[in-house]
Amino acid sequence: MHEFSLCESILETVTEQTRRQGFSRVRRVWLEIGELANVELDALRFAFDVVRRDSMAAEAELEIITLPGRAWCPDCAQPVAVSQPFDPCPGCGGFHWRLTGGNELRIKELEVE
Amino acid sequence: MCAICGCGHPETGMHSPEHRHDHDPGAEARRITVEQDILAKNAEFAAGNRQQFAHRGVFALNLLSSPGSGKTTLLARTVQALHGEFPVAVIGGDQYTAHDAERIQAAGAPAVQINTGKGCHLDAHGVGHALERLPLPEGGILFIENVGNLVCPADFDLGEAHKVVVLSVTEGEDKPLKYANLFAAAGLLLLNKMDLLPYVDFDVARCLDYARRVNRDIQILPLSARTGEGLDAWLDWLRQGQRAALRQQVERLERELAAARARLTGSG
């Protein structure tokens with residue numbers, strides 16, 4: 001359940017940014033979460049609902065943008081798509097690929113007022 | 001700070017009629033670009049810890065496992081074997097109790113316990129505070145024993161040189177796949193309780209194959225903390241890391257010394 005820690009961290013950043021720019025209420029938060037990130041999206045949404053209470057983001061909607069898993073396979077010498085850490089390379093069936101994207105945990109944007 | 005909305009306005013009481021915000025209710029919504037990693041704060045604290053370790057030549061390890069993998073028994077034996085050679089210290093994370101720290105202290109090393117309470121993992125900020133309560137093992141090894149959990153600790157960098165995952169043969173051989181994020185983040189896998197292998201259905205080759213699927217660079221050492229089988233290879237791995245951390249400290253100090261000498265020559 002480290003989704004609670006992640007949401008506390010999200011709220012801290014969101015609050016800080018909103019205040020710094022002279023706003024008082026957060027309407028919407030966009031996150032970018034990689035397909036292979038170590039996060040359960042339902043748990044993240046649930047945790048956000050709890051953590052946002054009594055804050056300037058108390059009514060904020062959470063929008064999650066999922067980013068696809070991308071890797072480089074040295075045997076095929078080309079980029080490939082993966083969706084789990086133990087997926088075989090779709091080209092050669094090997095496991096030598098290295099992840100190049102898809103483990104992001106990022107706060108992208110806010111809508112504030 | 002404005003007490004109504006905490007916006008940084010110097011007025012502290014109720015909003016007076018003159019205290020107008022450009023963000024009063026009814027104001028138009030605006031978009032703010034953030035583009036910040038959710039774990040950015042933890043990463044900052046981890047970088048601070050890492051710098052502290054580098055300055056003092058400390059080889060720091062983050063030990064991860066399920067509850068019951070034999071991590072504390074392994075640590076107690078490791079501490080017993082090494083604390084005469086160089087300084088060793090332990091930070092232990094558990095939800096409650098200081099039992100593990102007491103076992104480590106009995107084995108001969110300073111240890112502090114972080115009780116995470118509701119938390120399921122250690123974070124870099126908590127480790128930073130634990131370091132204030134512990135004599136830093138300069139030129140030696142700091143073991144950070146994480147909370148027994150194969151999910152959450154994977155994401156939280158503590159400033160360690162390596163994550164070491166302990167898996168025992170009494171667990172499922174497919175754990176490297178089930179908890180792939182953590183095995184992918186680890187530098188070393190210790191396969192513990194090898195003395196129990198004749199009594200359990202655990203396919204070592206399959207387990208190691210799974211581990212290499214998620215992490216082709218992972219090093220693997222089978223051992224038994226109870227009988228001592230395989231322990232020498234683990235201790236040698238630790239000594240190599242400790243020597244490397246010391247060498248890096250020496251190189252850094254030599255660079256600083258050379259720079260200071262150059263400044264002295266330049267100013268003389």
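Predicted model: local features only at pLDDT ≥ 70, side-chain atom pairs only at ≥ 80, totals over all residues.
Strands of a sheet pair through backbone hydrogen bonds, either parallel or antiparallel. In chain B, 7 strands make up an open sheet with parallel pairing, and their order is β4-β3-β5-β2-β6-β7-β8. At the edges of this sheet lie β4 (111-115) and β8 (219-222) of chain B, each of which pairs on one side only. From one strand to the next, the twist averages 20 degrees.

One pairing within chain B may be examined in detail. Strand β2 (residues 59-65) of chain B runs parallel to strand β5 (residues 141-145) of chain B, and 5 bridges join the two. Here B:Phe59 has B:Ile141 in β5(B) as its bridge partner. Helix α3 (residues 99-107) of chain B packs on the sheet, where it touches β3 (88-94), β4 and β5 of chain B. The direction of α3 makes about 175 degrees with that of β4(B).

Chain B also contains a pair of helices in contact. Helix α1 (residues 40-55) and helix α4 (residues 124-132) of chain B have axes that come within 8 Å and cross at roughly 35 degrees; the crossing is left-handed. Among the residues that meet are B:Phe45 and B:Ala46 from α1(B), and B:Val127 and B:Leu131 from α4(B). The contact comprises 5 nonpolar, 6 polar and no charged residues.

In chain A, strand β1 (residues 26-34) runs parallel to strand β2 (residues 61-67), and 7 bridges join them. Within this pairing, A:Glu32 stands opposite A:Ile65 in β2(A). Together with helix α2 (residues 41-51) of chain A, β1(A) and β2(A) make a right-handed β-α-β unit.

Methods. Residues numbered from 1 in each chain as written. Chains lettered and ligands numbered in written order. Pairing = 2+ DSSP bridges. Helix = DSSP H or I, 4+ residues; strand = E, 2+ residues; numbered from the N terminus. Axes fitted to C-alpha atoms, helices over the stretch in contact; angles between N-to-C directions. Contact = placed C-beta atoms within 7 Å. Right-handed = clockwise from strand over helix to strand, strands pointing away. Left-handed = near helix turned anticlockwise from the far one by under 90°. Nonpolar A, V, L, I, M, F, W, Y, C, P; charged D, E, K, R; others polar.
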